[in-house]
Amino acid sequence: MGATHWRIGGEIYDLASRGWIMGVVNVTPDSFSDGGKFFEADKAIAHARGMIAQGVDVIDVGGESTRPGAGTINAEEEKRRVIPVVEQLAGTSNTLISIDTSKAEVAEAALEAGAKIVNDVTGGRADRAMLPLVAERGASFIIMHMQGTPRTMQTAPHYDDVVREVGEFFRQQYACAIKSGIDPMTLAFDPGIGFGKTPAHNLSLLKSLGRLRIGDQPLVVGVSRKSFLGRLPGANGAGDRLASTVAFTSVLRTTGADVLRVHDVRENLEALRVADALRTAA
């Protein structure tokens, strides 16, 4: 079991012996997972506080849906949705806050409001101002892989070798981040399960996480409630997604995941602690 370190807000966190749960808070009217249940800021804040009470390590706040087929919104609308939530959470809790956005303008406002991590589904490609902003602010940055855009990504995704190609993307964006002046210890990487991938692609990536690691930087993985879980052999649609997510949390921690991005904190945290116990046993 090698070292895994992540610099966030000037502190260095060791994720080798204790994995993290990142809780998803969608402040959107059309999220695939909660159908806009937390679209109003006060409901989103209450939902996040519930996650904090359950022991979540990071709250990931997003204001633009990235479900398959989703359209885009402008930066002003995205800020209107997320900034009040980030401000309230950062002002009343020591829990780390991540902003899920591909727009530098939104990321900057969220960092001003107290976020410490930028989680970009495009890995810094959508907005040329993103990487320089992250470097200037000393923020932590999650580089995610996505083939295409949310509107088009599930239209016949194709790879010659999905694990090799995602790994190459990580290395390329890592080089771009370093060239922009970003501290390499602030970086983490997410293979983007379900973002321009078939169920077979997803499983190949999840089986080969070790091949995707860049140095000793964390791997962030999100399978929570995703549609491919309902297509696994023996699955029975969306009703099985929580159990499947919890199973993956435990398995993936033993095979290389450091941060599990989930919607259901309590159940996944229990699974993560079981996996951590196995990883660290003599």
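The following questions and answers go through a predicted model, from its overall make-up to single residues.

Residues are numbered from 1 along each chain as its sequence is written, and side-chain values use heavy atoms, with hydrogens and water left out. Local features need pLDDT of at least 70, side-chain atom pairs count only at pLDDT 80 or more, and totals for chains, interfaces and linings use all residues.

Student: How many helices and strands are there in the protein?
Tutor: Helices (H or I, at least four residues) and strands (E, at least two) are DSSP runs, numbered from the N terminus. By that rule the protein has eight helices and 10 strands.

Student: What percentage of the 282 residues counts as buried?
Tutor: Buried means under 20% relative accessible area, exposed over 50%, and partly exposed in between, with a 1.4 Å probe and protein chains only. Of the 282 residues, the buried share is 53%.

Student: What is the order of the strands in the open sheet?
Tutor: Strands of a sheet pair through backbone hydrogen bonds, either parallel or antiparallel. Two strands count as paired here if DSSP finds at least two bridges between them. The open sheet has eight strands with parallel pairing. Its edge strands, each pairing on one side only, are β8 (187-190) and β9 (220-221), and the order is β8-β7-β6-β5-β4-β3-β10-β9.

Student: Which residue stands opposite V118 of β6?
Tutor: β5 and β6 pair in the parallel sense over three bridges. On β4 (residues 58-62), five bridges make a parallel join to β5, where V61 stands opposite I99. The residue opposite V118 is I99.

Student: Which residues of strand β6 (residues 117-120) point the other way from I117 and N119?
Tutor: In a regular strand the side chains alternate between the two faces of the sheet. In β6, I117 and N119 point one way, and all four residues are buried. Those pointing the other way are V118 and D120.

Student: At what angle does helix α5 (residues 162-179) run to β8?
Tutor: Axes are lines fitted to C-alpha atoms, for helices over the stretch in contact, and angles run from 0 to 180 degrees between N-to-C directions. Helix α5 lies across β7 (140-144) and β8. Its angle to β8 is about 155°.

Student: At what angle do the axes of α1 (residues 41-54) and α2 (residues 75-92) cross?
Tutor: Two packed helices are described by the angle between their axes and the distance between the axes. The axes of α1 and α2 come within 9 Å. They cross at roughly 35°.

Student: How many nonpolar residues are in the contact of α1 with α2?
Tutor: Contact means heavy atoms within 4.5 Å. The contact is made by A41, A44, I45, A48, R49 and I52 of α1 and P84, V85, Q88, L89 and T92 of α2. Ala, Val, Leu, Ile, Met, Phe, Trp, Tyr, Cys and Pro count as nonpolar, Asp, Glu, Lys and Arg as charged, and the others, Gly among them, as polar. Two residues of this contact are polar and one is charged, while the nonpolar ones number eight.

Student: Is E112 buried or exposed?
Tutor: E112 forms a salt bridge with R137, with the closest N and O atoms 3.1 Å apart. E112 lies in helix α3 (residues 104-113) and R137 in helix α4 (residues 130-137), so the pair ties together parts 25 residues apart in sequence. R137 is partly exposed at 31%. At 58% relative accessible area, E112 is exposed.

Student: Which residues is G9 in contact with, leaving aside its neighbours within four places in sequence?
Tutor: G9 is in the loop between β1 (5-8) and β2 (11-14). Its C-alpha atom is separated by 9.2 Å from that of A115, 106 residues apart along the chain. The residues in contact with G9 are K116 and S140.

Terms used: Salt bridge = Lys/Arg side-chain N within 4 Å of Asp/Glu carboxyl O.
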